[in-house]
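User: I would like to learn how to read this model. Please take me through it feature by feature.

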Amino acid sequence: MARVDAPPGSAAPVTHWLDGPLAWRDRLLASAAFRRWAQAFPLTRWLARRRAAGVFDLVAGFVYSQVLLACVQLRLFELLLDEGPQSASALAGRWQLPLMSTERLLRAAVALKLLEHRPHDRYGLGPLGAPLAGDAGLAAMIEHHAALYRDLAEPLALLRGTTRDAGLAAYWPYAGTDAPQTLPAERLKAYSDLMAASQPLVADQVLGAYPLRRHRRLLDVGGGNGAFACRAAQSAPGLQVQVFDLPGVAAAAHQRFEQAGLSDRCTAVGGDFLHDPLPVGADLVTLLRVVHDHDDARVLRLLRAVRQALVPGGSLLLAEPLAGTPGAERMGDTYFGVYLLAMGRGEPRSEQRLRELLAEAGFARVRRLPTALPLQASALLAKTPDTSNVNVG
Ligand SMILES: CC(C)=CCC/C(C)=C/CC/C(C)=C/C=C/C(C)=C/C=C/C=C(C)/C=C/C=C(C)/C=C/C=C(C)/C=C/CC(C)(C)O
Ligand SMILES: C[S@@+](CC[C@H](N)C(=O)[O-])C[C@H]1O[C@@H](n2cnc3c(N)ncnc32)[C@H](O)[C@@H]1O
């Protein structure tokens, strides 16, 4: 259905032939009498129950999240994986928590499928808890949400831009300044460590979708403290890898390369990718979880700089969660839409919008690389024209 916008400044109401039938449907669903009928009538009861459960999940979502946070803070999933099923009293003793509240938490986690009841009154991992056991990236992300939830405590203040406790804006200091290269190293460390911890979630998708062996030289722009660069170098033994990030972050990447014994193939350059020239000569540039942090004007500047830096015929691999991902719509428009609003800059973009920006920056063929779990990252591969990089606008 095409969206119909009122022309700017016009007061004439915009209508569509579907408005009438949809208004009728809305009034029906909003009617308590209809809902009473639908939940009592055998043929519609299942749908009424499913809708009610859907609404309930929206109402209770924060409670679910905090049950999960308590499990993560108690390292419950790792414990059950390493030591097997446990009784409530054993866990209460270990955690020095009252037995009653331990049981309350364990039963809450069972209902959320994080845990399962096991024979002899014990608790084991459930189907949603088991994948979390030992996943340091997800655990770090779950613990990090405390800052997001502080910003969300008053959602209307967030929408009006009057939030008092700017948790995420302070956490991501580059989003609130036009001089990010002057940020002190200690303000870069917390987010860089979180990105490194959660980078496997992205690297698994990217490297699964696009093996790097065909490339000679990779430039990871906004590459953080080098976690992806190390994975990339390990996945393709002939590859030279360079990270470009803010000076304090690039210094941390340099240290990581030394510690990993990869300094002969991995290097790091510090600078501001919106103002400083990028190192030239790569045949592949990666932008992983970078573009959605910035508004369109900055993204265009960045994409043009990337195009300049690439050798003719070189490729750009852009990976991040996309808006409108089928089956993961809430991840893009709800989660990242709100997250980036709280951060103070950027937006989740659809594949179509990214294609437009890439075309405007002078990239030629763009194709979607299917990733195994688009919820975690989608990937687009764009090519520079085979001729030299002149006139990139
Ligand atoms: C064999 C048997 C018994 C059954 C077989 C049935 C079967 C096949 C089951 C499948 C089991 C399975 C393999 C499950 C796998 C589950 C997985 C992989 C779950 C993964 C979940 C990932 C999640 C929830 C990721 C969340 C990511 C988040 C919240 C990321 C946040 C990122 C942020 C905030 C980034 C910030 C950066 C910025 C600022 C936006 O630039
Ligand atoms: C969300 S993080 C992603 C890091 C990494 N690509 C990953 O996926 O783990 C964005 C990165 O872009 C870097 N960045 C933001 N603005 C920058 C700028 N103007 N110049 C250089 N790097 C910048 C940040 O320091 C940070 O490392």
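User: Which helix gives the largest share of the shell around ligand 2?

Analyst: First, the ground rules. This is a predicted model, in which local features need pLDDT of at least 70, side-chain atom pairs count only at pLDDT 80 or more, and totals for chains, interfaces and linings use all residues. Residues are numbered from 1 along each chain as its sequence is written, with chains lettered from A and ligands numbered from 1 in the order in which they are written. Helices (H or I, at least four residues) and strands (E, at least two) are DSSP runs, numbered from the N terminus. A residue is near a molecule if its C-beta atom, placed from the backbone, lies within 6 Å of it. Here helix 10 (residues 185-209) gives the largest share, four residues. The shell holds 20 residues, and Met195, Gly222, Gly224, Phe273 and Arg289 are the closest.

User: Where does helix 3 bend?

Analyst: A bend is the angle between axes fitted to the seven residues ending at a position and the seven starting there. Helix 3 bends by about 60° at Ala60. Arg75, with a positive phi near 55°, follows helix 3.

User: Which residues of helix 3 are buried?

Analyst: Buried means 20 or more other C-beta atoms within 10 Å of the residue's own; exposed means 12 or fewer, and partly exposed lies in between. An α-helix has 3.6 residues a turn, so residues three or four places apart point the same way. In helix 3, Val67, Leu68, Cys71 and Val72 are buried. Their cover includes helix 4 (76-83), helix 6 (99-111) and helix 7.

User: Is Glu320 buried or exposed?

Analyst: Glu320 counts as buried because it has 22 C-beta neighbours inside 10 Å. Glu320 sits in strand 8 (residues 310-320). Contact means C-beta atoms within 7 Å. Setting aside neighbours within four places in sequence, Glu320 contacts Leu288, Arg289, Val291, His292 and Ala377.

Conventions
Two residues are in contact if their C-beta atoms, placed from the backbone, lie within 7 Å.
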